[in-house]
Amino acid sequence: MKSNVAINIKFARKLINKKSAMIPKVSIIMGSTSDLPVMEGAAKILNDLKIPFEMNALSAHRTPEKVEVFARSAYDRGIRVIIAGAGMAAHLPGVIAAMTPVPVIGVPIKSSLDGLDALLAIVQMPPGIPVATVAINGAGNAAILAAQILSIADSSLFQRLVVFKEELKDKVVKANQDLSEVTYEFKVNP
């Protein structure tokens, strides 16, 4: 009979091997680590949905060669959706989309002009180079959209998304119930 220590070591090795064997399906790219507080919204949702992902900082302006290598190799590395966040001139999502057929979701980052400059730079792509674009600082929605794209070929992920959306509904129902208990002299909600 094996000791508990031997069984636990064997189990730990399996967990380590499983994690190291994960191949990212989504790549979260940001122009600078200053974008991380926004882009973490995508990472948290992908993590909650159990979708393997990678995160990198690459600049369309400061490291264009690395962006090209990244974009051209994405599909062969297992990446099926790219979430690219950028502020100001916001060229990163479009540059990546120009170099790969992998779907790119752009996240405009609010850094100047309330993020409108980034929004317009990402959404106004030329014909043939689409970038799906979410709201300013909308990295969470980018992750949900990436999950929905992936779920077309993954019924298990589809079911996790169904549960995720039901939980969103439950939060709103609960919030409305909590509001019904808020009292004011002239509040007339039934």
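Author: Ala 90 sits in the loop that links β3 (81-87) to α4 (92-99); helices (H or I, at least four residues) and strands (E, at least two) are DSSP runs, numbered from the N terminus. This is a predicted model, where local features need pLDDT of at least 70, side-chain atom pairs count only at pLDDT 80 or more, and totals for chains, interfaces and linings use all residues. Residues are numbered from 1 along each chain as its sequence is written, and side-chain values use heavy atoms, with hydrogens and water left out.

Most residues other than glycine have a negative phi. Ala 90 isn't a glycine, yet its phi is positive, about 55°. With 5% relative accessibility, Ala 90 counts as buried (under 20% relative accessible area; exposed is over 50%, partly exposed in between, using a 1.4 Å probe and protein chains only). Asn 137, also not a glycine, has a positive phi of about 60°. Its loop runs between β5 (132-133) and α6, and Asn 137 is partly exposed at 35%.

Now for the core. A nonpolar core is a set of buried Ala, Val, Leu, Ile, Met, Phe, Trp, Tyr and Cys residues joined through side-chain atoms within 4.5 Å. The largest one has 27 residues, and Val 26, Met 39, Leu 49, Ile 51, Ile 83 and Val 107 touch the most other members. Elements giving it two or more residues include β3, α6 and α7 (155-180), with α6 supplying the largest share, seven residues. Leaving aside neighbours within four places in sequence, Leu 49 is in contact (heavy atoms within 4.5 Å) with Ala 147, Leu 157, Arg 160, Leu 161 and Phe 164.
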